[in-house]
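This briefing is meant to be read with the sequence and the coordinates open side by side.

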Amino acid sequence: MKVGYLGPYGSFTSIVANYFEKADIKLKDYTSIAKCLKAVESGEVHAAVVPIENSIEGTVNTTLDYMYHYLNQSVVCEIVLPINQQLMVHPNFKNNWQLCNKIYSHPQALAQTQLFLEEHLNHAVQIMTESTTEAAEIIANHSDIPIAAIASVEAAETFGLSIVSRDIQDFQENQTRFWVIGTELVKPSMLQKHVSKQSFGIQMTDNRPGNLHRILSVFSWREIDLSKIESRPLRTKLGDYYFLIDVIHDNNQLMQNALEELTILGAQIRDFGKYPVYIAPIV
């Protein structure tokens with residue numbers, strides 16, 4: 001069995017993917033979320049690990065929109081990983097890292113560390129990369145230039161970089177949800193199930209006042225616990241949206257009744273699947 005993930009090795013996604021590393025599972029890294037999801041779609045891998053939401057920066061829209069618009073696969077599990085961001089440089093610059101004039105990282109990592117960057121490196125240009133590990137690799141390949149990356153401890157160790165400031169995220173309770181998407185159920189090793197969730201993309205066929213209220217009422221009177229609701233553009237015209245709804249539940253019949261009522265009300269429902277949620281320890 002093959003499991004793809006947003007790489008390269010040392011990225012936060014690779015840390016999550018390592019929970020699936022077993023004798024019968026082969027891990028394969030991809031350079032972007034879209035490529036990772038396309039690999040599931042084509043059957044190149046059986047499942048893919050991708051980020052879906054960060055507690056500071058919110059939804060990873062690339063993942064959500066690709067799932068809703070293009071991918072006919074389900075979420076088979078979710079892993080929540082504590083995220084600690086590290087500032088790293090080539091060892092040649094570990095004693096004068098404040099001279100760095102460029103900071104490389106994934107857009108989410110840059111957004112999660114703005115307070116630190118404003119205070120300590122406000123003169124530096126922030127450059128986005130496909131992953132935090134790609135940023136670390138750029139630093140490793142330029143030993144003669146004062147540049148820095150924001151990435152994981154694993155990335156620093158992989159590329160032999162010096163961490164000059166630790167845990168620089170704006171909020172210490174920084175976490176990211178990762179979805180495992182695919183055709184086969186894979187279970188992470190060494191983690192215990194926390195809750196069961198089910199996620200939906202819901203679009204109302206008629207744009208009428210009160211549509212959101214109608215959707216929420218279906219869940220409210222049944223006392224179904226919503227853990228998230230968010231609107232996303234439908235990519236048709238301004239003002240057209242679908243709603244992402246995450247539900248915590250273990251009552252399949254109650255949920256089925258709710259979905260039937262939504263359909264009667266004119267909703268088009270994209271069921272992303274029901275899946276277990278696991279909480280990873282702080283590393």
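The points below are grouped by topic and refer to a predicted model.

**Packing of α2 with α3**

- Two packed helices are described by the angle between their axes and the distance between the axes.
- For helix α2, residues 33-42, and helix α3, residues 61-69, the axes come within 10 Å and cross at roughly 30 degrees.
- Because angles under 35 degrees count as roughly parallel, α2 and α3 are described as roughly parallel to each other, and their crossing is right-handed.
- On the α2 side the contact is made by I33, L37, K38 and E41, while α3 contributes T62, T63 and Y66.
- Sorted by class, the residues in this contact of α2 with α3 are three nonpolar, two polar and two charged.

**Packing of α8 with α9**

- Helix α8, which spans residues 211-220, and helix α9, which spans residues 252-264, have axes that come within 9 Å and cross at roughly 155 degrees.
- That angle makes α8 roughly antiparallel to α9, since angles over 145 degrees are counted in that way.
- The crossing in which α8 passes α9 is right-handed.
- The residues that make the contact are I215, V218 and F219 from α8, together with M255, A258, E261 and L262 from α9.
- In this contact of α8 with α9, six residues are nonpolar and one is charged, with no polar residue among them.

- Helix α6 covers residues 132-140, and its buried residues are T132, T133, A135, A136, I138 and I139.
- These buried residues of α6 pack against helices α1 (12-17), α4 (107-111) and α7 (153-159), and also against strands β6 (86-89), β7 (102-105) and β9 (147-151).
- T113 is located in the loop between α4 and α5, the latter being residues 114-120, and T113 is buried, with a relative accessible area of 0%.
- When residues up to four places away in sequence are not counted, T113 touches Q85, I150, I168, Q169 and D170.

**Cysteines**

- How many disulfides does a search of the whole structure find? The search finds zero.
- For C36, the closest cysteine sulfur is that of C77, and the two sulfur atoms are 13 Å apart, which is too far for a bond because a disulfide requires a pair of cysteine sulfur atoms within 2.5 Å.
- C36 counts as buried, with 0% relative accessibility, and C100 is likewise buried, with a relative accessible area of 0%.

**Backbone geometry**

- The peptide bond that joins G7 and P8 is cis, with omega at about 0 degrees, and P8 is found in the loop between β1 (2-6) and α1.
- D167 has a positive phi of about 50 degrees although this residue is not a glycine.
- The position of D167 is in the loop between β10 (162-165) and β11 (175-182), where D167 is partly exposed, with a relative accessible area of 35%.
- R235, which is also a residue other than glycine, has a positive phi near 65 degrees.
- R235 belongs to the loop between β13 (225-233) and β14 (241-248), and R235 counts as exposed at 52% relative accessibility.

**Positions apart in sequence**

- D24 lies in the loop between α1 and β2, with β2 being residues 26-30, and D24 counts as exposed at 55% relative accessibility.
- Although D24 and M1 are 23 residues apart in sequence, their C-alpha atoms are 6.2 Å apart in space.
- D225 is part of strand β13 and is partly exposed, with a relative accessible area of 43%.
- The C-alpha atoms of D225 and V247 are 5.8 Å apart in space, for a separation of 22 residues in sequence.
- Leaving aside residues up to four places away in sequence, D225 touches D246, V247 and I248.

Definitions and conventions: Residues are numbered from 1 along each chain as its sequence is written. This is a predicted model: local features need pLDDT of at least 70, side-chain atom pairs count only at pLDDT 80 or more; totals for chains, interfaces and linings use all residues. Side-chain values use heavy atoms; hydrogens and water are left out. Buried means under 20% relative accessible area, exposed over 50%, partly exposed in between (1.4 Å probe, protein chains only). Axes are lines fitted to C-alpha atoms, for helices over the stretch in contact, and angles run from 0 to 180 degrees between N-to-C directions. Helices (H or I, at least four residues) and strands (E, at least two) are DSSP runs, numbered from the N terminus. Angles under 35 degrees count as roughly parallel, over 145 as roughly antiparallel, 65 to 115 as roughly perpendicular and the rest as oblique. A crossing is left-handed if the near helix is turned anticlockwise from the far one by less than a right angle, and right-handed if clockwise. Contact means heavy atoms within 4.5 Å. Ala, Val, Leu, Ile, Met, Phe, Trp, Tyr, Cys and Pro count as nonpolar, Asp, Glu, Lys and Arg as charged, and the others, Gly among them, as polar.
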